[in-house]
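Please read it alongside the sequence and coordinates.

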Amino acid sequence: MDPDRDFFVRLPSFSLPMRSDPQQRRKLRDRLRAELPWLPDQVLDLRANTEDLKNRIAQAINTVLPRFDLVIVDEAHNLKHGWGEHVSSRNRVLATVLGRPGAQPANPLRARYGPRADKVLLISATPVDDDYRQLWNQLDVFGRADPFPALKDRAAGDEDRRAAVAEFLIRRVTSLEVAGDRLTKNLYRREWRQGGVLTYDEPIRITDDRQRLTVALVQKKVSELLGHERFGSRFQIGMLASFESFLQTTKIRLDPDDDTADEFAFDAADQTADATERQGLDVGMLNGLARAYSRRFGAELPHPKMDALAQSLASSWRGGRKGLVFVRRIASVDELRQKLNRSYDDWLIARLRARLAERHSATLAAAVDDYRSQSLRHRSPSTMDAPDGEDDDTGGTDTFFAWFFRGRGPASIVSGATIQERFRNRAGPLGTFFDDNHVMAVLGAAAGGVSAALATALGRPDRTLQAELRQLSRYYLTRAKQPTRGARFDAAQAAALELLAHHNGPHQAMAETIWRQLYRTYRLSTPVTAEAEPELLETTTFFTLLRQRKELRDAIWPPPRGGTATEPADAFREQHVRAQLLSAAARLGHAFIDLYATVADHLPTLDAATAIDPDSAVATSYLDDLQRQMNRSLYDRDWAAYDELAALAENHDLVLDTTLPDVRQAPLHEIPTLVGRLFGAQQPVGGMTGKVNHRLVHQFRLPGYPFVLISTDLLQEGEDLHTFCSRVYHYGLAWTPSATEQRTGRIDRVRSQTERRLNKLHDTPNGEDLLQVYYPHLADTVERLQVRRVMRRMNDFTRLMHHSLAAPHGGDSHLDISQEVLVDDEIPAPPTALLTTSFPVREDHLAGDDRPLAVDKERARRQISRFHSLSDHTLAGVTVMWERIQPPGCLLLGTTRLNSGRHQPFSLQLGWEDEHLAVRCISPVGLIDQRQNWRDLFESTAGTPIRVGVVKVRGKATYDVTVEEDVILTDPGSDAARVGALVRRVTIQADALEQQHLPDRDALLAEFRTELERDVRHAG
């Protein structure tokens, strides 16, 4: 195990799930034994009880770990129950793996067992709830608690405890500078503690008599139930179903992939182990009421709280404001989602009726009737737990958007799905709608003048140039008999850009950049018979027209920020990535509604049997529509396509950093796939239980769909949801202040939408500018007692962490109604004073040994420069043609010309080996399919001192076998000789394998370049 590398491990990995299934135990043992074959059999005796076996496994892992300089534990409050006999096995396994004293290792392991962490850094926004003992427990997991006995001593004074905590705890106070004032989180958040969700500090108003009677009846039944001696007027906070819904509650398995897992009605397994409480004490009573009401009235029991929440969230369709909702009752996720979907359908259908031309009204009305009929007959399976990365969008009937704009769509009408397919069809006029005419842009020409501008730039007669373009385009087309119009357009551009790239002149640098990044990879070694007509270079597209509208372009597709000083490669990459984001958003989500309507304006009919393709004026009309939206205040219209595209453009870096980090380094031809996968299968309302749907989480970080995300405690930690959301609803209350703070913290983070909005203000913010935190509940019900209790604890938590006041006594997670009704208090308001910290960074914290870096920036720069200088020298014994444009980082690409006249591409990678620089040479052989031809490959290399690399095939791979070798660099003066000998050996061997296993091939670097750039496996 490499002691110099960094390790990343998920905390749940230490749980070692081990049910009574002997087969599962055996598999776990065998996996460990495969890694540690020296382990004695008695250490992994499957007859041992579960906890003993987990302990032995943890001890065995400890014996092979290196000693870590630093162990960092994120969300460390999850360890607040400490280490001991009656805490979770996760805590005990983690402690043992890191060598906590007191683990009593088995005899065969005792000599090797020991501490593995020199230092431990615990990170948490909520390190305690209400008791400093929780800090002692976290330290005890790592055997670091002994110096702080005051934290577990109930007799210790508050000052003694605080002094002990100050020895190791540092707390910063989150604050924002707004219009010259400093606001801490209690001041830039607006908490809706009175229960309402429509008007601030107002309760939910129940105006309907039937709802009022329903609530009264349910309260009476709940009071009678809790008054039974079995429950003693007590219930678990957050675990009464009637607080969230009056519908029937079914038990749900939290992990849908675990057939043996228990089923419960509520989340938060760590709140109580009592199965009855996890099912909800009032579920049986409520289910009976719901069934009786349905039989009598043929409808569902109305719930004023859920109805009010749905009404509040419905503003998202019109205003584009996202909302994050946390529930406790698992079934509430799907119930609330269905209610919001119905509201969204009403809005979308009304929007289409108002926007589409009158001639399309009857066809649309028939489609709406068809949808409503289908959605009543069979509801689509819930998509809230759909697997990630599923590119085939099947649509569905959960919303009109899913049915009409996604999947295959209805067959009888030119639907959004139909238009979507036409955008993907490269043969039709919409197939190049969101392409860019790069040649037109490079030359600065207008439509109709591109060919003439190209002839002038190249100094060639027009007729000669036309023939040359046709001939060269044949290297960029496939062997299809009839290439699509889109493919021919690409080939014509590639041909023109190649000519410009090899012609000295003002356009060479940018043309070469675009050609190498977008087209060179696809250049064939021999031409095909088909060719592209040069007239396609006059094609106008959405982006060529957008360049002519400066104000609109600056808003939704701004030029590179560095202007003319930006490197051509960087400038083009940024523009291309922005274009892909814009086109995906315009075609796949909320913005597509406007684009569809624009296309429909150019169709004589929406009848699928008679409709024809729209003309080329669609792009101009769409840009006109975006321009009108830009010039009209959002107060006078609904949130529309322009708003989504402008938000993406304005926050481009934020989107890439939080949602698409791979795009910054990915080859340009892969970016449409990465972006399309993210934007695909959008839904206006998302819901999650059981396991995280990462694509849905990533979509919530974008300005468009989903506008609402509903979750149990599944998303309480570990996910950033702050980029475009400033509203969080605690529909179901968590018991602990730390859990509530963690949930709010999903949208209160650095670079959040709230922070960006407040930073722009020049005046004191109003209430709508703040981060909105809702605690929906019904007044004059038992739920209000629950909210009051939780809000008191929230205030205590704030004081504990920010002021020098005595810590409150810890409570339990039950609410005793008989005691709570005796308290004559209102729901407390949040603290209004500027928060400070009781545990600041002190001067002595900053004192210590200043150890220099093993490799500082200057040394790293010199080493990288030394490596790159290899391409500036002649390598001994080999003829190398280096790539003119090299990839970023410690990688060089080149091709050797062998004595036989053949070519062999290779890459050089910089690494590190025992204090020395090392260079690895990789030369691809090609696609041999080693699984089918393994014996032939083995026999051809068995008698040769050669290192063959077998590469896992990824999608459209160009090679699966390589020849590789490393060399250590010593004296810089011998670098060229040592690396030259390395390149010569590797490329000769790779070429020999290519001739033997792939006869008649002599592949060039262009074929392998993309994969060689990704295939970086440093020698160190």
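1. His-360 occupies the loop that joins helix H13 (331-355) to helix H14 (361-377); helices here are DSSP runs of H or I with at least four residues, numbered from the N terminus. The model is predicted: local features need pLDDT of at least 70 and side-chain atom pairs pLDDT 80 or more, whereas totals for chains, interfaces and linings use all residues. Residues are numbered from 1 along each chain as its sequence is written, and side-chain values use heavy atoms, without hydrogens or water.

2. His-360 has a relative accessible area of 0% and is therefore buried (under 20% relative accessible area, 1.4 Å probe, protein chains only). Beyond its neighbours within four places in sequence, His-360 is in contact with Ala-600, Leu-603, Pro-604, Thr-605 and Leu-606 (contact: heavy atoms within 4.5 Å).

3. The whole structure contains 34 aromatic pairs (ring centres of Phe, Tyr or Trp, the last by its six-membered ring, within 6.5 Å). One of them, Phe-404 with Tyr-596, is edge-to-face, at 5.4 Å centre to centre and 90° between the planes (edge-to-face: planes over 60 degrees apart). This pair links distant parts of the chain, with Phe-404 in helix H15 (residues 400-405) and Tyr-596 in helix H25 (residues 592-601), 192 residues apart. Phe-404 is buried at 0% relative accessibility, and Tyr-596 is buried at 1%.

4. The charged end of Arg-112 sits over the Trp-38 ring, 4.1 Å from its centre. For Arg-210, the charged end sits over the ring of Phe-297, 4.8 Å from its centre.

Conventions
Helices (H or I, at least four residues) and strands (E, at least two) are DSSP runs, numbered from the N terminus. Buried means under 20% relative accessible area, exposed over 50%, partly exposed in between (1.4 Å probe, protein chains only). Rings of Phe, Tyr and Trp (its six-membered ring) pair if their centres lie within 6.5 Å; planes under 30 degrees apart count as stacked, over 60 as edge-to-face and the rest as tilted. A charge sits over a ring if NZ of Lys or CZ of Arg is within 6 Å of the ring centre and within 35 degrees of the ring normal.
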